[in-house]
Amino acid sequence: MRRSAAWKTVDEKSGQVTSEVELYEQGGKLFGKIIGLPEPNDAQGKPKTCTKCQGADKDKPIVGLVIVKDLGPSGDRYKGGTILDPEDGKVYKAEIWTEDGKLKVRGYLGPFYKTQTWLKGS
């Protein structure tokens, strides 16, 4: 994985791009922040914010929000960190790896998990 790369998140039902996330390395760990949304502003023209987030991320603009935090290399994957879902404000344990030129992003909630496929950005 390159030191800094942009990936597009895709809604599994509609197939539409929902955001663009830049993954970057900092202090030997992998982080990712949202750098773009198809519609970054609300109906009033103000930046969309993370209203359901907790703590320091509460009500912060979604564009610029660091959603992937503290993932460390583990074999061919990055593990041990977290991913934030700005839609529900929940933080999940995370694991990331590349497969067939795509990024697989898995979030864990207890014994359950969901895997998303992110596409390489521009």
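How many disulfides does a search of the whole structure find? I get 1 disulfide, taking the term as a pair of cysteine sulfur atoms within 2.5 Å.

Before going on, I note that this is a predicted model, where local features need pLDDT of at least 70, side-chain atom pairs count only at pLDDT 80 or more, and totals for chains, interfaces and linings use all residues. Residues are numbered from 1 along each chain as its sequence is written, and side-chain values use heavy atoms, with hydrogens and water left out.

**Entry: the disulfide.** I find the link between C50 and C53, with sulfur atoms 1.7 Å apart. The angle about the S-S bond is 70 degrees, which I note down as right-handed. I looked up burial as well: C50 and C53 are both buried. For burial I use relative accessible area with a 1.4 Å probe and protein chains only: under 20% is buried, over 50% is exposed, and partly exposed is in between.

**Entry: the core.** A nonpolar core here is a set of buried Ala, Val, Leu, Ile, Met, Phe, Trp, Tyr and Cys residues joined through side-chain atoms within 4.5 Å. The largest one has 23 residues, and I67, V68 and W118 touch the most other members. Two or more residues of this core come from each of strand 1 (4-10), strand 2 (17-26), strand 3 (29-36), strand 4 (66-74), strand 5 (77-85), strand 6 (90-99) and strand 7 (102-109). My elements are DSSP runs numbered from the N terminus: helices are H or I with at least four residues, strands are E with at least two.

I then followed V68. Contact means heavy atoms within 4.5 Å. With neighbours within four places in sequence set aside, V68 is in contact with L23, L30, F31, G32, T82, I83, I96 and W118.

**Entry: the pocket.** On a 1 Å grid over the protein atoms alone, a pocket is an open set of points where a 1.4 Å probe fits, with protein on both sides within 12 Å along at least five of seven lines; lining residues have an atom within 4 Å of a point. Points are joined across faces, edges and corners, and the volume is the space filled by probe spheres set on them. The largest pocket comes to about 980 Å³. It is lined by 30 residues, and T18, D85, P86, E87 and Q116 are the closest to its centre. Strand 1, strand 2, strand 5, strand 7 and strand 8 (112-120) each give two or more residues to the lining, and strand 8 gives the most, with 4 residues.

I sorted the lining into 14 nonpolar, 7 polar and 9 charged residues. Here Ala, Val, Leu, Ile, Met, Phe, Trp, Tyr, Cys and Pro count as nonpolar, Asp, Glu, Lys and Arg as charged, and the others, Gly among them, as polar.

**Entry: positive phi.** D59 has phi near 65 degrees, a positive value in a residue other than glycine. I place D59 in the loop between strand 3 and strand 4. D70, in strand 4, has a positive phi too, near 60 degrees. Why is D70 counted as partly exposed? Because its relative accessibility is 39%.

**Entry: E12.** E12 sits in the loop between strand 1 and strand 2 and counts as exposed because its relative accessibility is 54%. Beyond residues up to four places away in sequence, E12 touches K114, T115 and Q116.
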